[in-house]
Each structure stands twice: as C-alpha cells, then as structure tokens.
Amino acid sequence: MTNSAHLPLRGRTALVTGVSRRRGIGYAIAVRLARLGADLFLHHHRAHDSGQPWGADDLDGVREGVRAALRPGAVLGDLGADLADPDAPERLVAAARDLTGSLHVLVCNHARSGGDGSILDMTAERLDGHWAVNTRSTLLLTSHFARAFTGLRGTPPARPGDRQEASGPLDEHATGRVFWTTSGQIHGPMVGEVAYAASKAALAGLTATAAAELLPHGIVLNTVDPGPVNTGYLDPESTDRDPEVIGRVLAATPFGRFGEPADPARLVGWLASDGGRWIVGQVITSDGGFSLGTGG
C-alpha cells in the first residue's frame, strides 16, 4: 500500500454499493473510507428507497456529503444501477475501475428490503427477487472485481475440491479487499423476513469458500454482520415494524441504543486498512453485544 498512518487508503480506489441515503450504512462506509484517503466510486438505486416507508434521499446531497469527506487529490464517481439486472455488476465494476484505472476495495453493502413474508406465505417471486439482488449480484460483483484487480481474463472450470495455490508468498500489504454484508440470522430468528434472511444467510455460508478461492490471487474477503442498525427503519414515523416490539428490543440492548451506521463503518475502515490485513474469511458481528442477549 502506498499510504501513511494518517491516510492509510491513499492511492486506493473503493467501490461501495448501496449508497443512496445519508442515513444508510453504505453512505457511512463511503465517508469513512474517504476520510482514510481512498478514491470513491458509489453505486445507488434510488428507486428502491422510494418504495420504502423511510423514503428516498436527494442523491446530490449524498454525493456532496461523500465529496466533502474526500482528502485532497482524491476523486469521486458514481453510477445508478438496479442490481437485479444480471449485467449490472459487470458494468458497475468497469465504471469504478475507470475512475482511476485501478480498483482495490469492494464493499457489497446493497440489499433488497421489504416485500417479504413468512415461510407460510412465501412465493417464488419473493425468493427470486431477494436472491437476485442480495446474493447473485454480490457474487457477480466479487467475480468481476477479482478479474479487475488481478487482470485475469478467465480461469479453467474448477472441479469440486480443486484448490489453486499462490505462485509464491503474498504481499500482505498489497492485497485487495472485499466485504460482504449479512444479517444476524445466525443469532436468532428473523420472523417474517424469510426471503431476506435466506439471501443473506447464503453469503455468510459462502464466506469461507469465496475467501479461500480469492486469497491465492491476493484478495482478502470478509463478511460483516452489522446487527440492528437504525438507518431510519426503526424510527417511529418511518418503521414497518410494531413500535411496541421495537421498544422492548431497544430496552434490552446492552448500551441502550441500536447501532448507528458509523459503527459498522469503523469496522470496515479498519479492515480495509493495513491494520486489518491478517483477518481473512471471517463473518464478523458488530452489534454492541446485541446477539449476546445481555441487556437489561
């Protein structure tokens, strides 16, 4: 890495998906990486938020907020895309790489929310819709990022169990970084969110496999479970959940608050820097102890 302790991501370009709202986790991550010196390319899909109770944000405001966090000399780009489109991941990675000519960090923060249900009223359409956005696009983004980072044009089909060995010791200070985001379905039930939980559980379950395949190519992959982070969906005026249930859950949180977008953003910022270079193939929960059930 060509950087300093003060700006550990200077000279590195990061693509962050799902940066459509200033209350969102993607926005907080983008701002954090910008403050650490990175060049930023943002993905957004405002139409998704327009159909949610919390509503859409002003994209010009989103851009200006991230631009204000950039360090001198760093640049910003963005592209709107519906990641349900199977061709969108390739276009997005290509556009991000064109920003500076290289791409070093990928943060797959995007997610389809809403329009879900229980196992008793689940439909193929709901399952397919969440899979396409939350899981399929994340895998395709990662595949295209790996090709962009390594310059690989393609590899022979692998048989089950095939492992690729690195040509020699990796330079631990020059690895690419990929981050997936999942949810806390491993810690307890997510009732009424079967399609969402299934699509995110697939990413948690695939983390070790993808990390093992990418590491010989000099790419480090980890998954972050941010726990319950209030991005607006837990506010009384814009929630799609029972306010009484929200109140009970809040009262049981160890620190007396839900997560804030800045909480997982700090974790991603550290993992993307040289300090996090030894963490590989992990699903890391950042929830302030929520999953431990130690609240009052």
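Residues are numbered from 1 along each chain as its sequence is written, and side-chain values use heavy atoms, with hydrogens and water left out. Because the model is predicted, local features need pLDDT of at least 70 and side-chain atom pairs count only at pLDDT 80 or more, whereas totals for chains, interfaces and linings use all residues.

Seven strands form an open sheet in the order β3-β2-β1-β4-β5-β6-β7, with parallel pairing. From one strand to the next, the twist averages 15°, with axes taken as lines fitted to C-alpha atoms, for helices over the stretch in contact, and angles running from 0 to 180 degrees between N-to-C directions. Strands (E, at least two residues) and helices (H or I, at least four) are DSSP runs numbered from the N terminus, and two strands pair if DSSP finds at least two bridges between them.

Strand β1 (residues 13–16) pairs with β2 (residues 39–44) in the parallel sense over four bridges, and A14 stands opposite L40 in β2. Three bridges join β1 to β4 (residues 105–108), also in parallel; here V16 has V107 as its bridge partner. T13 and L15 point one way from β1, A14 and V16 point the other way, and all are buried (under 20% relative accessible area; exposed is over 50% and partly exposed in between, with a 1.4 Å probe and protein chains only). Together with helix α1 (residues 25–35), β1 and β2 make a right-handed β-α-β unit. A crossover is right-handed if, with the strands pointing away from the viewer, the path from the first strand over the helix to the second runs clockwise. Strand β2 is in turn joined to β3 by five bridges, in parallel, and the partner of F41 in β3 is G77.

Strand β5 (residues 176–181) is mostly covered, with six of its six residues buried. One side carries G176, V178 and W180, and the other R177, F179 and T181. Four bridges join β4 to β5 in parallel, with V107 opposite F179. The chain passes from β4 through α5 to β5 in a right-handed β-α-β crossover. Between β5 and β6 (residues 219–225) there are six bridges, again parallel, and G176 is partnered by I219 in β6.

Helix α5 has 27 residues and reaches 37 Å from its first C-alpha to its last, close to the expected 39 Å (1.5 Å times one less than the number of residues). A bend of about 45° occurs in α5 at A132, the bend being the angle between axes fitted to the seven residues ending there and the seven starting there. G151, with a positive phi near 85°, follows α5.

A search of the whole structure finds one aromatic pair. F145 and F149 are stacked, at 6.0 Å centre to centre and 15° between the planes. Rings of Phe, Tyr and Trp (its six-membered ring) pair if their centres lie within 6.5 Å; planes under 30 degrees apart count as stacked, over 60 as edge-to-face and the rest as tilted. Both residues lie in α5 (residues 124–150), four residues apart, about one turn of the helix. F145 is buried at 0% relative accessibility, whereas F149 is partly exposed at 23%.
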